[in-house]
Amino acid sequence: MVTERFMADIQIQKLRGFGGKLGSEICTLLDVKTCGQVQQIPLEDICGIFQSNGKYIWEMARGIDHEEIKVRYTTNSIGSGRNFLGVDKIVKRVQVLCLF
């Protein structure tokens, strides 16, 4: 498949959800680094080691992801706020000018 060839050179730990402990375990226990290497391992062998996560690992290495796509919005602006401590805290004219 085209997707499998595309995924073949991608490192396992670059996949979403595989960057931490699970990704390290996959690399260590299966002695692999890339998705292409995982693609060579039969599903039954992966499930034998990772039980319920086995099919998920096998599918992700092939570019199969059943998670729903979520819309993300980019930030248009960043605000900055300052606390006004009240009129009683202003002692000098310089303090008023610092507020602006």
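A: Of the 100 residues in the protein chain, 25% count as buried, meaning under 20% relative accessible area, whereas exposed is over 50% and partly exposed lies in between (1.4 Å probe, protein chains only). Please keep in mind that this is a predicted model, where local features need pLDDT of at least 70, side-chain atom pairs count only at pLDDT 80 or more, and totals for chains, interfaces and linings use all residues. Residues are numbered from 1 along each chain as its sequence is written, and side-chain values use heavy atoms, with hydrogens and water left out.

The protein chain has six helices and zero strands; both are DSSP runs numbered from the N terminus, helices being H or I with at least four residues and strands being E with at least two.

Now to the charged side chains. The structure holds five salt bridges, each a side-chain nitrogen of Lys or Arg within 4 Å of a carboxyl oxygen of Asp or Glu. One of them pairs aspartate 65 with arginine 16, with the closest N and O atoms 2.5 Å apart. This pair links distant parts of the chain: arginine 16 sits in the loop between helix 1 (2-7) and helix 2 (21-30), and aspartate 65 in the loop between helix 5 (54-60) and helix 6 (93-98), 49 residues apart. Arginine 16 counts as partly exposed because its relative accessibility is 40%, and aspartate 65 does so at 38%.

Arginine 16 also forms a salt bridge with glutamate 67, where the closest N and O atoms are 3.0 Å apart. These partners are 51 residues apart, and again the link runs between the helix 1 to helix 2 loop and the helix 5 to helix 6 loop. Glutamate 67 has a relative accessible area of 42%, so this residue is partly exposed. The side chain of glutamate 67 in turn meets that of lysine 70 in a salt bridge (3.8 Å, N to O). Lysine 70 counts as exposed because its relative accessibility is 61%. Through shared partners, the salt bridges join Arg16, Asp65, Glu67 and Lys70 into one network.

The loop between helix 5 and helix 6 also holds arginine 62. With a relative accessible area of 9%, arginine 62 is buried. A polar atom of its side chain lies 2.8 Å from the backbone oxygen of glutamine 39, and one lies 3.2 Å from the backbone oxygen of tryptophan 58. Leaving aside residues up to four places away in sequence, arginine 62 touches Thr3, Glu4, Met7, Val38, Gln39 and Ile41, a contact being heavy atoms within 4.5 Å.

Just after helix 2, aspartate 31 takes a positive phi of about 55°.

How values were computed: A polar contact is a pair of N or O atoms within 3.5 Å; within protein, one must be able to donate a hydrogen and the other to accept it, and residues adjacent in sequence count only if both atoms are side-chain atoms.
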